[in-house]
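Here's a quick briefing to read alongside the model. Take a look at the structure first, then work through the points below.

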Amino acid sequence: MTPEPDALRSLRSSSRGHRDEETKSNEEPSREEKSKTHDEPPPGHLPGELLMWVLILSEIAVFGAGLLAFLAVRLSDPTGFAEAQTHLHRTGAAANTLVLVTSGWLAALASQAAEAGQVRRLRLLLSPAVLLGAVFLALKATEYADLFAQGIGTETHAFYTFSFLLTGFHAAHVLAGMVLLALVGWLATPKAVETGAAFWHMVDLVWVLLFPVVYLL
Amino acid sequence: MTAVTKAWGWLLALSAASTGLAASGLTGSGLALPVLVLSGLKAHVILRNYLRLATAPGWLRGFDLGLSLLILSFAALTLAA
């Protein structure tokens, strides 16, 4: 048998290396690799679901337009708007800000737990996050009940038309978010939990824009 | 302490500052401008740490720019009243 030429040996070695790489690439990625892929989107890319970002942008646009309309109408009757604002529960609304940012924190921690495969922990974190959503709605319901008891409704003044519309629409999102968090807690997959948490953070984001405009300014 | 927990601490502090300003008796632009700035900062923290836009600085700058324009419009309409 003649000795194998160097070029042929080199080609065989290269081909074997290529086959090895192919085999590696066809293998199921390890749990750590999967987690890293989910944790860190490619630099500069939006994390999570693109459709959720479209929804977040849409909600900011809708609430932003509503708040701009509220402030524009206020120009026609600043005194009436200021008087009407005194009937709202400012303290309850300020407490609700703390409730929502704390709930958002728990949801963000739950998302991290989901990525680490800690199903029990993510459920333990999502449960109080949902309960805090219920606290938010209870405080909001108390405010509405008090306004109704004073004979105030959506038709009483333009201020209340806008404030009921904006805060009511936001409260509907809180309710939807609570259902979504409960659902993703049951599914307990990293992608589902991240998407549910992103919706919840959007609700949080809208509230930090809405609160000062409707309750403080 | 994780970045998310630090962000929560910042959000509590910024919310307390807003409440303190509102309770201080300030009115008009003296109240509106700082409260709106605090609101913008809270939105930035939520986007950066809760929604993880820290991993996408370009997108974070875009959101910050859009929200800044929105908050500037709020301020202009408030001061015009």
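Reading along the sequence, chain B runs α-α-α, with three helices and zero strands. Keep in mind that this is a predicted model.

- Chain A follows the pattern α-α-α-α-α-α-α-α along its sequence.
- Of the 217 residues in chain A, 35% are buried.
- For chain B, buried residues come to 40% of 81.
- The C-alpha trace of chain B spans about 40 × 25 × 10 Å along its principal axes.
- Take the contacts in chain A between residues at least 6 apart in sequence: 79% of them join residues at least 24 apart.
- Run that count on chain B, again for contacts between residues at least 6 apart in sequence, and 58% join residues at least 24 apart.

**Where the chains touch**

- Chain A puts 35 residues into the contact and chain B puts in 31.
- On the chain B side, the elements giving two or more residues are α1 (3-23), α2 (29-50) and α3 (57-80).
- Sorted by class, that side of chain B has 20 nonpolar residues, nine polar and two charged.

**α1(B) against α2(B)**

- Within chain B, the axes of α1(B) and α2(B) come within 10 Å and cross at roughly 165 degrees.
- These two helices, α1(B) and α2(B), are therefore roughly antiparallel to each other.
- Their crossing, α1(B) over α2(B), is left-handed.
- From α1(B), the residues in the contact include B:Ala3, B:Ala7, B:Trp10, B:Leu14, B:Ala17 and B:Leu21.
- The α2(B) residues that α1(B) meets include B:Leu31, B:Pro34, B:Leu38, B:Lys42, B:Val45 and B:Tyr50.
- By class, this contact has 16 nonpolar, two polar and one charged residues.

**The nonpolar core**

- The largest nonpolar core has 76 residues.
- Those with the most contacts inside the core are A:Leu67, A:Ala107, A:Ala110, A:Leu209, A:Leu210 and A:Val213.
- Helix α8 (residues 190-216) of chain A gives the most to this core, with 18 residues.
- Leaving out residues up to four places away in sequence, A:Leu209 touches A:Phe63 and A:Leu67 in chain A, plus B:Ser39 and B:Ala43 in chain B.

Notes: Residues are numbered from 1 along each chain as its sequence is written. Chains are lettered from A and ligands numbered from 1 in the order in which they are written. This is a predicted model: local features need pLDDT of at least 70, side-chain atom pairs count only at pLDDT 80 or more; totals for chains, interfaces and linings use all residues. Two residues are in contact if their C-beta atoms, placed from the backbone, lie within 7 Å. Helices (H or I, at least four residues) and strands (E, at least two) are DSSP runs, numbered from the N terminus. Ala, Val, Leu, Ile, Met, Phe, Trp, Tyr, Cys and Pro count as nonpolar, Asp, Glu, Lys and Arg as charged, and the others, Gly among them, as polar. A nonpolar core is a set of buried Ala, Val, Leu, Ile, Met, Phe, Trp, Tyr and Cys residues joined through C-beta atoms within 7 Å. A residue is buried if 20 or more other C-beta atoms lie within 10 Å of its own, exposed if 12 or fewer, and partly exposed in between; C-beta atoms are placed from the backbone. Axes are lines fitted to C-alpha atoms, for helices over the stretch in contact, and angles run from 0 to 180 degrees between N-to-C directions. Angles under 35 degrees count as roughly parallel, over 145 as roughly antiparallel, 65 to 115 as roughly perpendicular and the rest as oblique. A crossing is left-handed if the near helix is turned anticlockwise from the far one by less than a right angle, and right-handed if clockwise.
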